[in-house]
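This briefing goes through a single protein chain by topic. Please keep the sequence and the structure open while reading.

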Amino acid sequence: MVDGQRPTGNSPRRLASLLVFAAALSACGGAHPTRHNLILITLDTTRADRLGCYGAQSVATPNLDRVAASGTVFDSAFATAPITAPSHVSMLSGTFPPFHQVRDNDVAVVPDGVQWLPEVLSRHGFETAGIVAAQPLRAAMGFSRGFQYFGDQFEAPKGSLIITNLHTVGVVSRPGDRISEEFTLWLNDRRGSGPFFVWLHYYDPHWPWHGGRGYADLYVDAPYDGEIAFMDDCIGEVLQSLDRAGLGEDTGLVVIADHGEGLMDHGELTHAMLLYNSTLRVPFIVNLPWLDSQARRVDVPVSGADVMPTILDALGIDVEGPAGVVQGRSLLPLLAPSPPAGAVEPFRERRLYFETFYPFFHYRWSPLSGFIQGTTKYIHGPVDELYDLSGDPEELASLAESSELAEPATRLGELDSELRRGRPEVRRYLPSRDEQAKLQALGYLGSVATEDPETIDDRRALPNPNKEMETFFKYNDILGLIQRGRRADALEIAASIAAADPNQKDARLTVASLSAQLGRVESADRAFTDLVDDFPDKDVLYKAGVYFQERGDLGFARQCFEQLVERDPRDVEAITALAEIAVSEDRLDEARRHFENALAQDPWFREAMLGLALLLDRQGDAEAAGRFAAVASRYPFDPLVHYDYGVYLLRNGEASRAVEHLRLTATVSRGPLFAAAQFALAAYFEQRGDIEQARACLREVVVNTDNPMALRRAQTGLEALANR
Ligand SMILES: [Zn+2]
């Protein structure tokens, strides 16, 4: 399914043309004289010790080092969870996971009842833009809330977008240069002249490591480091764009990682499984150029949950809402070059919570949680651990034997209930107990318990993730084999893990996904059906639904999506999928109702906006034109939107506007739509008898594509034109 989807076109020439295009859009910005801009840059999977400003010798990170040199570097910053979605929700809401309850990727939507940083800033007149690089942060999971522009277009076919998982098949993502280019386009295109808040997310250091484009040769033995060097390079583009627009002095930067990476510390290659500082400690840099002076380094422990209140404070905005709803703290007092002791002490006394529920959701191993207070770190699992980070920063000697654990355990319990106080309702992603009982009675639920890990009192009854690293190494083997293209071998290992322990959701998802990719339809069908029985959470139901939709079993696909909508009537992805199924089955009025329902939940949900425009066009409804225009204006750099709009305009005799949108598609696309747009343009010019222009479009494909099919088609087209 993923095969043959290599993106086309990526040459320096296209980059140059993109930048020319950006310049042509004319910057009309200019900062408001009294209000500052702020850019939050989140670095996925970045260990602090891999940045020059944190002492790394062997990785070149000149751009981040420059930001650090004139800003404040936090030496003891900790993620609230070593996993992307939960950690980002903490950063953007100022709350810890027991409050916001987004405890894994792809399962829970950001709850309404949190104060979401982009929404607060939007209310205060900031122009807001979010540009993300990986699908756990996609709009449908709630991350687009409050952003007037949100870029999460992965240009991957839906099937490959969804049939993935973190530790085996990989997550659909896009490279850092794409993020920086989109930022530049946005910056130059923005209409307002008021202050802005931008969130940029870079995913490059996340597994699988390719070494970073242009850096692989320099980091042959350290591909992870190469990805970080590449990411730093991309961030340099952002800084340059700001300077070119004359905004550098007026734009604050907050740079933080969502978590680190194990790199085999404590036997963990990647992240999400354990709670050691290789994955919990993160780089955190704040640079506010409008401050007269700034502290250089701060060693007081701080948390990802401090990002939101710090940014609001830096922009002069009071944290709103009832007290306690924002649990992190503004770090502004710590930015003073020599803060009074009274300002620092409360920070030292804080208990900073962290957790991972990932081992439970994916393997039915024990969840882990803990806190850091000063230099003490406590981890609660089947076997509790206690470290003194001042003497043992690598957490090699747990003091648990020699010291009393009852006290930290009590304090963690208190902290946990304190953090849950007043927490919001969440949209349901797991079956309720009643629903489970009903499914069980019908013979639907398999052997695997689907409980809420929060309710597990005794973690000793569950396998200890620390002791299960042996199994986890097999997952590393699967990763490696997939990376080398040996998917059949990878499938065999995954199948053996799943056979030995049906609780291994990741192994079973891997079996299902790889079987599908290898064309083993029967095994894929069975694997997905069994997964739906055993793990009927949002993640599995949606993936299974997409799988059956792609392979044409629309009945079963519909069941999966209907189950999701029944559980969460606002699940826009599932509602939109039901609309798409109705379109395939020619039930167009029903499809329209579903699309309209999706847009009632989220008026900016791209798939539903575009789907409805296409449907109205198909029904010959003149309203289509307005719908296309609306989605194109909301998503000005989205190749699929402009491609569909261009084709629509072409068919409706609006040639010059069609050409505009198709050219824009070719400019912003890094995927198959680049060639598709050029082919559409070539056909149009040829039909008009403008052979020169037609040739030029086909030559663009020849020069830029790395897709053999597109190349052959362009060459054949050029030969045919040569005879005219
Ligand atoms: Zn992450």
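Among contacts in the protein with a separation of 6 or more, 61% join residues 24 or more positions apart. The model is a predicted one. The protein has 724 residues, of which 53% count as buried, and contains 30 helices and 15 strands.

**The four-stranded sheet**

- Four strands form an open sheet with antiparallel pairing, in the order β12-β13-β14-β15.
- The edge positions are taken by β12 (352-356) and β15 (385-388); each has a single partner strand, so one side of each has no neighbour in the sheet.
- On average, neighbouring strands of this sheet are turned by 15° against each other, direction ignored.
- Strand β13 (residues 368-373) pairs with β12 in the antiparallel sense over 5 bridges, and T356 stands opposite L368 in β13.
- Y378 has L386 of β15 as its bridge partner.

**Strand β12**

**The three-stranded sheet**

- A further open sheet has 3 strands in the order β8-β3-β11, and its pairing is mixed.
- Here β8 (281-282) and β11 (302-303) are the edge strands; each has a single partner strand, so one side of each is left without a neighbour in the sheet.
- Strand β3 (residues 77-78) and β8 are paired in the antiparallel sense over 2 bridges. Within this pair, A77 stands opposite V282 in β8.

**Helix α30**

- Helix α30 (residues 708-722) has 15 residues and, at 1.5 Å a residue, should span 21 Å. Its end C-alpha atoms are 21 Å apart, which agrees with that expectation.
- Which residues of α30 are buried? They are A710, A714 and G717.
- Seen down the axis of α30, these buried residues fall within an arc of 60°, so they line one face of the helix.
- The cover over the buried residues of α30 includes α28 (672-687) and α29 (691-704).
- On the face of α30 turned away from its buried side are the exposed residues P708, M709, R712, T716, E719, A720 and A722.

**Residue R508**

- R508 lies in helix α18 (residues 505-517).
- Why does R508 count as buried? It has 27 C-beta neighbours inside 10 Å, and a residue is classed as buried when 20 or more other C-beta atoms lie within that distance of its own.
- Apart from neighbours within four places in sequence, R508 is in contact with A498, A527 and L531.
- R508 and F528 are 20 residues apart in sequence, and their C-alpha atoms are 8.3 Å apart in space.

Notes. Residues numbered from 1 in each chain as written. Predicted model: local features only at pLDDT ≥ 70, side-chain atom pairs only at ≥ 80, totals over all residues. Pairing = 2+ DSSP bridges. Axes fitted to C-alpha atoms, helices over the stretch in contact; angles between N-to-C directions. Expected span 1.5 Å × (residues − 1). Buried ≥ 20, exposed ≤ 12 C-beta atoms within 10 Å, placed from the backbone. Arc of directions from axis to C-beta. Contact = placed C-beta atoms within 7 Å.
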